[in-house]
Amino acid sequence: LTDSEGIVLEQRVGSGDEPVFRGWGLHNGADWSEEREGTNGIGTCLAERRRVIIHRDEHFLVRNTAMSCIDAPVYGADGRIIAAIDVSSARVEQTEGFNRLIAAQLVQTARAIEEANFHAAYEGARMLRADTDEDDAAVLLAVDGDDLVIGATRKARRIFGLAAEGAFA
């Protein structure tokens, strides 16, 4: 898990893999922004504001070409990116097909975090949920006691033509 700038905040890694990732510079406190590392899962995800898969030699730096990195951005209640979730693997047998399966789960996890964060940010507000044919993100509006919209998820902002980021006046 990184912050919005690509700084690793939390890492879960098997004890056998920890020295490998540390040697590659992937550890708590490390800067994985695109400016610092070139094309990489975390930095590219944050720069392009979308899910990415950077498989092995697609990395910019040679030291990272043994990794597969799958990343998804996490958006806050105000529509701005607040984090990226990264799954990196040093497994030689990691295939692009397997990366796509991981990516699907990662996006689902990011959206669940966004929805929980949205509910926490607008605790006490009435929540309106819109149905869509897509199930990639929640379409939620938070309304106050006067039925004025005070918050909207990123997907709701797009669907209803609201400002992509920021608070509502």
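Me: Buried, exposed or partly exposed: which is Asp-78?
Reply: Asp-78 is partly exposed, with a relative accessible area of 27%. Buried stands for under 20% relative accessible area, exposed for over 50%, and partly exposed for the range in between, using a 1.4 Å probe and protein chains only.

Me: What kind of model is this, and how are residues numbered?
Reply: It is a predicted model, in which local features need pLDDT of at least 70 and side-chain atom pairs count only at pLDDT 80 or more, while totals for chains, interfaces and linings use all residues. Residues are numbered from 1 along each chain as its sequence is written, and side-chain values use heavy atoms, with hydrogens and water left out.

Me: Back to Asp-78: which side chain does it meet in a salt bridge?
Reply: Its partner is Arg-80, at 3.0 Å from N to O. A salt bridge here is a side-chain nitrogen of Lys or Arg within 4 Å of a carboxyl oxygen of Asp or Glu. Arg-80 is partly exposed as well, at 38% relative accessible area.

Me: Which other residue forms a salt bridge with Arg-80?
Reply: Glu-165 does, with an N to O distance of 3.6 Å. Glu-165 lies in the segment after α5 (154-159) and Arg-80 in the loop between β3 (68-75) and β4 (81-89), so this pair ties together parts that are 85 residues apart in sequence. Helices (H or I, at least four residues) and strands (E, at least two) are DSSP runs, numbered from the N terminus. Glu-165 counts as partly exposed, at 35% relative accessibility.

Me: How many salt bridges are there in total?
Reply: The count comes to nine. One of them joins Glu-114 to Arg-111, whose closest N and O atoms are 2.7 Å apart. Both residues lie in helix α4 (residues 96-121), three residues apart, or about one turn of the helix. Glu-114 is buried at 11%, and Arg-111 is buried at 13%.

Me: Where is Arg-49 found?
Reply: Arg-49 is in the loop between α3 (41-48) and β2 (52-55). Its phi is positive, about 60°, although Arg-49 is not a glycine. At 38% relative accessibility, Arg-49 is partly exposed.

Me: New topic: which residues touch the most other members in the largest nonpolar core?
Reply: Of its 16 residues, these are Val-8, Phe-21, Leu-26, Trp-32, Ile-42, Leu-46 and Met-67. Such a core is a set of buried Ala, Val, Leu, Ile, Met, Phe, Trp, Tyr and Cys residues joined through side-chain atoms within 4.5 Å.

Me: Which element gives the most to this core?
Reply: That is α3, with three residues. Another core of 10 residues lies apart from it, including Ala-83 and Ile-102.

Me: Last one: what is the side-chain partner of Asn-99 in a polar contact?
Reply: Asn-99 is joined to His-55 by a polar contact of 2.9 Å between their side chains. A polar contact is a pair of N or O atoms within 3.5 Å; within protein, one must be able to donate a hydrogen and the other to accept it, and residues adjacent in sequence count only if both atoms are side-chain atoms. Asn-99 is found in helix α4 and is buried, at 0% relative accessibility.
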